[in-house]
Structure formats: structure tokens, C-alpha cells
Amino acid sequence: MSGADELDEAIALANSGRTRPDPPPAPRLKRIRRIQWSEHGEDAMEPVGPAGQAEDGQGRSAQEGHTGRGEHADGASRPAPQHPVDASGASGETERPGDGEGRKGHAAHETAPSWSDAVGLAASAAAPPPPTSLGLNRALGHTLAAPVRALTDLPPFDTSAMDGWAVSGPGPWELARTDDGEERPGILAGDRFDPPRLADGEAVRIATGARVPAGTSAVLRWEAAERTGAARLRTATPPQPGADIRPRGQECRTGDALLGAGSPVTPAVLGLAAAAGYDELEVVARPRAEVLVLGDELLHRGLPHDGRIRDALGPMVEPWLTALGADVTATRLLGDDAEALYEAVSGTTADVLVTTGGTAAGPVDHLQPTLRRVGARLLVHGVRVRPGHPMLLAVLDPDDPDDGAGATPGARTRAGAAGAETGARAGARPRYLVGLPGNPLAALSGLVTLAGPLLRALAGRAEPKPRTATLGAEVPGHPRDTRLVPVRREGSGVRSRVRPLRYAGPAMLRGVASCDALAVVPPGGAAPGEDVTVLELPW
Ligand SMILES: Nc1nc2c(c(=O)[nH]1)N[C@H]1C(S)=C(S)[C@@H](COP(=O)(O)OP(=O)(O)OC[C@H]3O[C@@H](n4cnc5c(N)ncnc54)[C@H](O)[C@@H]3O)O[C@H]1N2
Ligand code: MOO
């Protein structure tokens, strides 16, 4: 079976025979408690039998191989098999009111912002630096700080669109002659002198891109022309007036707005700007980002062994940030070394430091203590989204006068508390830290929720217009949190229809690697036929 077939079969399987759970929370909790889920089906789409013995396709039972960390692998409502949980646990709530820091550090989740509020907080946390002028050869990937207005008409003159003959009037035509009676030389692209006017009934050779002489009614293509004798031209297919002439100003007139501020400078933008007469562009420079990959368990080549796994985030995060418009200066592999993390965080010169793993409060999760040590201010500490709920956003220099986040007096006190070992960097722009959770899909959730909006704000880029699509199948919800679910487009209708993919558990990238977008599924889930917001991936 081909990969595509397998995928289609997986999609069909994943969505077979499910009906949407009832909307009111209480009955749903009871229903959900009775559902057993296959371990491999961490994609959340495939309920298995009540005995929980369904195999995962690799001969393992539902209980085998579970991490036992009490995680909700799919971000949906599901009990962890090795840890019997009460009704609130069964409802998918990883935290309960009153839980202290002793659990994996998400006590703040109760007060964490909703997913959409978190996106808004990240988007308003920073402001772009003053614009700068860059030569076209250096402007790629930056963001237009000012609209691009045409500095010339395009085309700047009436231009031949084809190689052939400029002709005047209906044929047949006499070849135009010089004063000496010679056949007039053909007109080439770039000829410096305005070509002499054509009289009615005359023709002259012309190349694509050449200036069309005054008096021309059309261009006759080479292949349509027939020379008769030395001095005459005719055709079996007379050209319409204006045929194969690009009139001056066809694309734009001087002063027309071609592109708005906030547009990313793509290769096509560079080409258009050059055509329209620009040598330099006013841009907001790309924000500089640095990536720190945390975790002693990570291997960077070869097969997993001895309890260690391959680093899936180092290879993914840097190009993702680049696609979001950042200039990534380095990806550094730090392991679980608290001192190395402190050095890296306090010493970074990047605008945005992105860490992976260690966001929680496990024994070697050093990120939060490090943020306290450097006197950072948490702007977002946990988000009501699955996967990815421990993600965080901090400003490293909350005492900077131009702290884009606008430090409050309370925040200044916290930042200036004993233990803050970094001084304010006078006059420097604030630096930000985005903490991505270690589970790979949870990290990706942090990229779209916090890193994307923050980088767009720093780059002065416009937020993408929200897009919606109709769900082709039910997506079970988390009772309280938004879910981000990889989906694939299907059908060819005018309305975009999407189908959730399997293998979308927090530790999995298999679903997202073949998805077209992420669906934003509200708390409580979404039924087939319902419209949901979809987030395009940044490429
Ligand atoms: N008691 C609790 N434990 C956990 C909770 C919870 O609420 N209570 N939440 C779980 C969730 S959800 C997530 S997400 C993680 C977040 O933890 P961290 O950000 O501290 O991440 P780590 O513990 O370092 O790693 C988690 C997981 O991901 C693997 N990992 C880490 N980095 C990578 C990488 N670069 N490539 C591939 N895999 C990576 C790591 O080995 C762990 O398996 O906490 C849960 N626990
Ligand atoms: O559900 Mo966790 O936040 O894997 O992401």
C-alpha cells in the first residue's frame, strides 16, 4: 500500500462511525470516562472497545507502552490508564483547583489565557524597531515598512510582446525604408533612439521588448508573416488592432500603490520593486532568533537507544522560525544543564530566544527557575490549548525603558527582586523568550500560538486573515481548552472541507507532517459540517 493510500485509510478509519458527544459538560464527562483509547491511536480519533485491549496495529495492547506520566496524549478528554483518576481527571483536566507546584508545574493553568487571548498577548507584546533602508540584494525576508508605489509607468513605453513585424494598417505592407532607400533596420529591445514613425501600409522588423514605433497598429508574429518578393509582407491571419502590443502603463501608472507596508519581501517583491524603479526598500529588519534545545535524553544522529530518543525539535524549529520571518543565528544543544541555560539566556543577543522542553516543573526542567534568576517577566505562563498547554512567553529585560510589553509597577518589582542577576541593558531593545514544551506537537502548538504572532509583531508584519473550513468529521474536544488538530483538505468544492488526521498526539509529528493546516477546535469539540478556523502553516 502506498503512503498516500495508508494515509487515506487511516483518515477513513479515524473518522468512521463517530457521533459528536452531547454538548452539556456533565453527561459528556460520564461518556468520556467509558471510552478506552488505543495507545498508538494517540491521535484521539479512534475509540476502541471497552476492555481497552484493542491493538494499536503493532500488536501492543492499549495499556502497553503508555508513558504513565498522566499526560493526555491527544489533548482530548482521556484518562491515563496507569493512573486512575477522578471525574475531573477523566474530563481531561491535567490540573485541578488546589493542585500545587508539586505536580508538573501547571498550577497556573486555571488562570491561563484562552488560546485566542494568548495569540493576542503575543501579538501585542512587542513593537517593530525603526525602519531601515536596504539595497534590494539585502532586503529579502525583511518586511516592507512603507508601501511600494510605482516610480514609473509599467511598461514604461509601448512594447512589442512578440518577435515579428510592427505593422501599420491592414496588410499587405511595404517594408519601411530609410532615406537612402535601404530596408529599415529592425528595432531591438534597448535601442536608445525612439524608432521613426511608421506610415500607413508600412512594416518594420521588431523584437520582443522593443519600443513600438508611433503609427503602429499591431505586431504581426514572425510565424504568421509571409514575405512576398524583396519588399512586401502579407499574412493569412490579419492581426487585430493592438495585437501583441503591451501599452505603456498597462500594469501600473507612476504613483500607483503596488504593495502595502507589512508585506514580507519575497523574491517576487524584489523583482517588482526593481521593475518599478527601486534600488532600495524601506524595511523592518528580520527579528533575530536563537534556539536552545534542552534535554539530556536527546540524540542528534542514529537510532534511539538506551532510553534516549532523537531530537525532533532542533531540525524543525529553526526552519519554522525562518519561515515565520526570523533570522535564526544559532540552534544550540544544551542538554539539561541549568548553568549552561542561565549563561545562554542571560547572554543572548537575539531578539527572541526560543527554548524547547523543560517548560514544566519536572526534576530537570530548569527553564522557570532560570527565568526567575535572570529577572524575566512572564507575559504568558501556560495557555488553555492542547497540546502545548505549558508553553510560555517572557520578556527578559522588563526594566528596559522601551519594554514593548509595557512593564507594570508590579512586574518591575518582580523583575527587580533579589536574585535577578542581569542588569537592564540601557537603551537596548527588549529580548523575549518563547518556551516551547518538549513534546514535539506541543512545541509546534507553541510556535503557532506564541512565536508566530510575536515574530510578526517584531517584524511589523500584518496578521494573516483568519480562514475557516468545514469539518468533514467530528473532532472530540477538550472540556475547557482549545485543541489544535492537523487536518487535510478534501474534495474540490468552493467551500474548503477538511478532515482531521490520525497520529496527532502531543509526542507525534506523523499527522502534522502530512497535514495542510491546523484546525482550531473550540472547547467541547466540533461536529461534522461545522466551520472552524484553520491556521495555515508558514510555507
Ligand atoms: N505531572 C505532569 N506531567 C506533565 C504534564 C502535566 O500537566 N503534569 N504535562 C505534560 C505535557 S502536556 C507536556 S507538553 C510536557 C511539557 O514538559 P516540558 O516542556 O518540561 O518538556 P520535557 O519534560 O523536557 O519533555 C517532554 C517530552 O518531550 C520529549 N522531548 C523533549 N524535547 C524533545 C525534542 N527536542 N525532540 C523530541 N522529543 C523531545 C521528552 O523526551 C519528553 O518525552 O510535560 C508533560 N508532563
Ligand atoms: O498536551 Mo502537552 O501540552 O503535550 O502538550
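Is Y503 buried or exposed? With 23 C-beta neighbours inside 10 Å, Y503 counts as buried.

## Ground rules

This is a predicted model, where local features need pLDDT of at least 70, side-chain atom pairs count only at pLDDT 80 or more, and totals for chains, interfaces and linings use all residues. Residues are numbered from 1 along each chain as its sequence is written, while chains are lettered from A and ligands numbered from 1 in the order in which they are written.

On burial: a residue is buried if 20 or more other C-beta atoms lie within 10 Å of its own, exposed if 12 or fewer, and partly exposed in between, with C-beta atoms placed from the backbone. Helices (H or I, at least four residues) and strands (E, at least two) are DSSP runs, numbered from the N terminus.

## Positive phi

Most residues other than glycine have a negative phi. You'll find Y503 in the loop between β27 (497-500) and α11 (510-513).

D306 also has a positive phi, near 50°, and is not a glycine. D306 sits in the loop between β17 (298-299) and β18 (309-310). D306 counts as exposed because it has 6 C-beta neighbours inside 10 Å.

## Cis peptide bonds

Most peptide bonds are trans. The one from L154 to P155 is cis, with omega near -10°, and P155 falls in the loop between β5 (148-149) and β6 (159-160).

R386 and P387 are joined by a cis bond too, with omega about -10°. Here P387 lies in the loop between β22 (385-386) and β23 (392-395).
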